[in-house]
Amino acid sequence: MNETVFITGATSGIGKATAELFANHKFKLILCGRRQERLVHLKEQLGALTTVHTLNFDVRDKDAVKKAIDSLPEEFSKISILINNAGNAHGLDTIQEGSITDWDAMLDINVKGLLYVSKAIIPKMITQNKGHIINIGSTAGKEVYPRGNVYCASKHAVDAINQGMRIDLNQHGIRVGALNPGLVETEFSQVRFKGDDERAENVYKGFQALKPEDIADIILFTVTRPYHVNIADLVVMPTAQASSTIVNKTL
Ligand code: NDP
Ligand code: 8X3
């Protein structure tokens, strides 16, 4: 397998598990994130299995996004698969109590950052008349839950962008699909609760949450379907979860 995969948010959680699985399957990897020390470690770890290039940028910075992608060496310039994964929730507050800084972070990262990265990579796919974009949405993009307001809005935007990309890129033969997970145990809740580890751990207590490796498996399945098969929109939850607010914590 020598296809090149571009993964945003590869330094943790779903992105990291996907990078590890794809390295085992010998995809060439372009791994992105802000935490440079983690990127260095990933390159050392996965470089033993496949060819790895790392890019350090904040998806909110449109100039940095373009500069980083323009800087790719020739051997990494033909990107076949883009996994738009970078993102987080910031805070869990009512709309009347929410912080504007948190709102800006979620909309700038989850929505605008995804757009900046896609804008830089889509022309490369159009030139090849081929490509696969996987947008990591969320169950929060399918329903709204109490105090989820702006995070849910950001993921509803990802849902709309996923559909819009699929429509506009149809003429170029590019596959576009979204994967919308429910509760996955990653650093997600540590970020949401700003380092309050106890509160973060409580989110996943009393039931079997999804593991980032579960999502990586599905991403691998999605990209390895025959090219005429496009998994356009997929929702995956832990068995213990029925909706954003219904989780069977006795399991
Ligand atoms: P993690 O916090 O473990 O990982 C988030 C990743 O996004 C990190 O690699 C982080 O890298 C990167 N990232 C965050 N902000 C930025 C930024 N400004 N610029 C560049 N990279 C950034 O969380 P998950 O793995 O859970 O989250 C991955 C995706 O999955 C997100 O889009 C999230 O919304 C979605 N999701 C998560 C679910 C869950 O329950 N965990 C459920 C449904 C969807 P770094 O800090 O190094 O920049
Ligand atoms: C992450 C899942 O339910 O915390 O997108 O919003 S949830």
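Colleague: What should I know about the model and its numbering?
Modeller: This is a predicted model, in which local features need pLDDT of at least 70 and side-chain atom pairs count only at pLDDT 80 or more, while totals for chains, interfaces and linings use all residues. Residues are numbered from 1 along each chain as its sequence is written, chains are lettered from A and ligands numbered from 1 in the order written, and side-chain values use heavy atoms, without hydrogens and water.

Colleague: How are α4 and α5 oriented to each other?
Modeller: Helix α4 (residues 100–128) and helix α5 (residues 149–169) have axes 9 Å apart, at an angle of about 15 degrees. Axes are lines fitted to C-alpha atoms, for helices over the stretch in contact, with angles from 0 to 180 degrees between N-to-C directions. Angles under 35 degrees count as roughly parallel, so α4 and α5 are roughly parallel.

Colleague: Is α1 parallel or oblique to α8?
Modeller: The axes of helix α1 (residues 13–24) and helix α8 (residues 212–223) come within 8 Å and cross at roughly 55 degrees. Angles of 65 to 115 degrees count as roughly perpendicular, over 145 as roughly antiparallel, and those left over as oblique. α1 is therefore oblique to α8.

Colleague: How many residues surround ligand 1?
Modeller: A residue is counted if one of its heavy atoms lies within 4 Å. Thr11, Ser12, Arg34, Tyr151 and Thr186 are the closest, and the total is 31 residues.

Colleague: Which side chain has an N or O atom 2.6 Å from an oxygen atom of ligand 1?
Modeller: For the side chain of threonine 11, the distance to an oxygen atom of ligand 1 is 2.7 Å. The 2.6 Å distance belongs to threonine 186.

Note on methods. Helices (H or I, at least four residues) and strands (E, at least two) are DSSP runs, numbered from the N terminus. A polar contact is a pair of N or O atoms within 3.5 Å; within protein, one must be able to donate a hydrogen and the other to accept it, and residues adjacent in sequence count only if both atoms are side-chain atoms.
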